[in-house]
Amino acid sequence: MGERVALTGNEAVSLAMKQINPDVVAAYPITPQTDIVQYFSTFVADGEVDTEFVTVESEHSAMSATVGAASAGARAMTATSSNGLALMWEIVYIASSMRLPIVMPVVNRALSGPINIHCDHSDSMGARDSGWIQIYSENAQEAYDNTLQAIRITEHPDVLLPAMVCQDGFIISHALENLEIEDTEALRRFIGIRSADISLLDTEDPVTLGPLALFDSYFEFKRQQAEAMAQAKQVILDVAREYETLAGRYYGLFEAYKLEDAEMAVVVIGSTAGTAKAVVDELREEGKKAGMLKIRVFRPFPAEELVDALKDIPIIAVMDRAESFSTQGGPLFSELKAALYETEARPQVHNFIYGLGGRDVRVEDIETVYTRLEESLNTSNKLDRVSYLGVRE
Amino acid sequence: MSKRKQITNIEEVGWRELPRAGAIVEAGNAAKYNTGDWRSVKPVWKEDNCIHCLFCWVFCPDAAILTEDGKMTGIDFDHCKGCGICAKECPTKEKALVMVDDSVTQ
């Protein structure tokens with residue numbers, strides 16, 4: 001059992017990194033991720049970690065140095081936000097295609113433009129097809145726990161894919177929260193030491209990594225990546241169970257909240273889940289059968305499990321804190337709706353795009369969503385496929 | 001020797017068997033790729049003019065100058081791409097290496 005402390009999300013993640021004691025961290029500061037790099041650099045300066053800390057001149061270099069270190073067999077980490085992730089883009093794909101187990105905390109912030117420093121999910125959602133595992137956190141506790149679990153997930157021989165561990169910028173990253181932290185020695189036993197089967201530093205058995213692969217082999221390597229992502233689902237669940245024996249906290253692929261007998265549900269990612277739970281409790285007291293589902297793992301997308309959890313609910317609102325500009329709704333909506341197409345009952349599914357650029361999401365906003373779901377189900381006042389929650393008309 | 005599985009023809013191997021992420025796990029396998037087969041000019045070695053200074057060996061951007069006991073013995077035409085650097089660097093007055101049109105001599 002851990003110790004209770006008050007930390008911000010960024011402090012919690014930098015503490016997790018200190019406890020991980022990575023071989024290499026190469027990172028560049030960007031709001032709202034800056035604290036992570038800043039706190040971690042003090043751990044390095046104070047000799048509290050053995051990490052080789054590489055101060056780089058850009059995120060492109062941060063990811064490049066992390067890829068190089070991970071290729072050499074190191075446990076390598078970086079962290080970023082928003083435009084920093086955008087600048088990494090080229091190497092983000094290379095990290096996953098080289099099958100490097102890099103863990104990268106992403107503090108979600110709206111992508112420019114207009115330039116904005118506050119939370120939405122446009123940064124990491126844009127990277128949803130980059131071949132990275134994506135784990136989202138509701139609060140600082142989850143950001144801490146997910147960072148630690150991600151080390152084990154990414155390094156599992158069936159997986160060997162990088163992972164983004166996402167938390168909402170400012171809302172989680174800069175808010176002080178009570179959480180439980182675990183004993184460093186116990187955590188180090190849990191994560192172990194990375195043993196790479198292929199390493200650039202293996203002079204006995206030298207290898208070339210990241211070579212050209214044209215029409216005769218590129219496709220096969222993409223197929224390998226797809227298989228690794230499919231395998232990741234079970235590994236994520238196994239690691240979660242093992243972490244539970246250590247910390248007493250368990251997270252699955254998603255969290256179903258009062259969903260079993262629910263007649264309407266909201267599906268959400270990140271900190272808004274906390275707000276939605278409060279609204280569900282309130283509605284339940286009024287005798288309304290409201291439920292909520294919070295996505296933890298977006299990549300791999302747990303389609304079958306989500307369908308199982310949602311298939312009997314007549315009406316569902318899917319909340320996207322990112323606009324995809326497909327004109328058909330946000331990324332979570334598109335994927336969840338596609339998954340539900342295979343169910344017999346086919347629940348009514350509606351999309352709410354919300355909270356862009358840090359637009360506040362209040363209890364009243366989520367109440368509005370449930371009210372609209374009720375109306376749409378029971379009256380002629382039907383919901384559109386896509387609604388914008390909290391935008392000024 | 002490598003303990004890893006070696007692949008001779010990538011097009012005969014399915015995705016499950018290929019090394020992860022396209023890693024080349026066999027050291028020095030570039031020797032198996034005959035880069036000399038697209039050469040248009042080639043060096044001719046005139047042994048009588050050769051002083052075995054090995055400038056050609058030093059400057060060859062591949063490893064196509066063959067040597068034995070510190071002396072030049074010939075050219076590896078499987079890998080010589082005909083760049084002509086050896087002939088350019090050959091320091092003897094009467095060159096020991098001269099480039100000729102490979103399409104004629106072949």
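At what angle do the axes of helix 10 of chain A and helix 11 of chain A cross? They cross at roughly 70° and come within 9 Å. That makes helix 10 of chain A roughly perpendicular to helix 11 of chain A, because angles of 65 to 115 degrees count as roughly perpendicular. This is a predicted model.

**Helix 10 against helix 11**

Helix 10 of chain A spans residues 303-310. Its side of the contact consists of Ala303(A), Leu306(A), Val307(A) and Leu310(A). Helix 11 of chain A answers with Leu336(A), Ala339(A) and Leu340(A). By class, the contact has seven nonpolar residues, with no polar and no charged ones.

Helix 11 of chain A covers residues 331-340. It also lies across four strands of chain A: strand 10, strand 11, strand 13 (315-320) and strand 14 (348-354). Its direction is at about 150° to strand 13 of chain A.

**The sheet**

Those strands belong to an open sheet of six strands in chain A, in the order 9-11-10-13-14-15. The pairing is mixed. Strand 9 (254-257) and strand 15 (386-389) of chain A are the edges, and each pairs on one side only. On average, neighbouring strands of this sheet are turned by 20° against each other, direction ignored.

Within the sheet, strand 10 (residues 264-269) and strand 11 (residues 290-295) of chain A pair in the parallel sense. Six bridges link the two strands. Val267(A) stands opposite Leu293(A) in strand 11 of chain A.

**Helix 9 against helix 12**

Helix 9 (residues 272-285) and helix 12 (residues 363-378) of chain A pack at an angle of about 60°. Their axes are 9 Å apart. Helix 9 of chain A and helix 12 of chain A are therefore oblique to each other. Helix 9 of chain A passes helix 12 of chain A in a right-handed crossing.

From helix 9 of chain A, the contact takes Thr275(A), Ala276(A), Ala278(A), Val279(A) and Leu283(A). From helix 12 of chain A, it takes Val363(A), Ile366(A), Glu367(A) and Tyr370(A). These contact residues divide into seven nonpolar, one polar and one charged.

| Helix pair (chain A) | Angle | Axes | Residue classes in the contact |
|---|---|---|---|
| Helix 10 and helix 11 | roughly 70° | within 9 Å | seven nonpolar, no polar, no charged |
| Helix 9 and helix 12 | about 60° | 9 Å apart | seven nonpolar, one polar, one charged |

**Domains of chain A**

Chain A is divided into domain 1 (3-179 + 209-247) and domain 2 (254-389). Taken over C-alpha atoms, the centres of these domains are 27 Å apart. Across the boundary, 25 residues of domain 1 of chain A are in contact with 20 residues of domain 2 of chain A.

Which elements give two or more residues to the side of domain 1 of chain A that touches domain 2 of chain A? They are helix 5 (122-126), strand 6 (133-136) and helix 8 of chain A. Helix 8 of chain A gives the most, with five residues. This side of domain 1 of chain A has 14 nonpolar, six polar and five charged residues.

**Chain A meets chain B**

Between the chains, 18 residues of chain A are in contact with 14 residues of chain B. Here too helix 8 (residues 218-247) of chain A gives the most to the side of chain A that touches chain B, with four residues. The residues of that side divide into nine nonpolar, four polar and five charged.

Chain B has its own division: domain 1 (1-33) and domain 2 (34-105). The centres of these two domains of chain B lie 30 Å apart, taken over C-alpha atoms.

**Backbone points to check**

Most residues other than glycine have a negative phi, and most peptide bonds are trans. Chain A has exceptions. The peptide bond from Ser112(A) to Gly113(A) is cis, with omega near 5°. Another cis peptide bond joins Gly113(A) and Pro114(A), with omega about 0°. Gly113(A) sits in the loop between strand 5 (103-108) and helix 5 of chain A. Pro114(A) is found in the loop between strand 5 and helix 5 of chain A.

Lys258(A) has a positive phi, near 50°. Its place is in the loop between strand 9 and strand 10 of chain A.

How values were computed
Residues are numbered from 1 along each chain as its sequence is written. Chains are lettered from A and ligands numbered from 1 in the order in which they are written. This is a predicted model: local features need pLDDT of at least 70, side-chain atom pairs count only at pLDDT 80 or more; totals for chains, interfaces and linings use all residues. Two residues are in contact if their C-beta atoms, placed from the backbone, lie within 7 Å. Ala, Val, Leu, Ile, Met, Phe, Trp, Tyr, Cys and Pro count as nonpolar, Asp, Glu, Lys and Arg as charged, and the others, Gly among them, as polar. Axes are lines fitted to C-alpha atoms, for helices over the stretch in contact, and angles run from 0 to 180 degrees between N-to-C directions. Angles under 35 degrees count as roughly parallel, over 145 as roughly antiparallel, 65 to 115 as roughly perpendicular and the rest as oblique. A crossing is left-handed if the near helix is turned anticlockwise from the far one by less than a right angle, and right-handed if clockwise. Domain bounds come from an automatic or database domain assignment. Two strands pair if DSSP finds at least two bridges between them.
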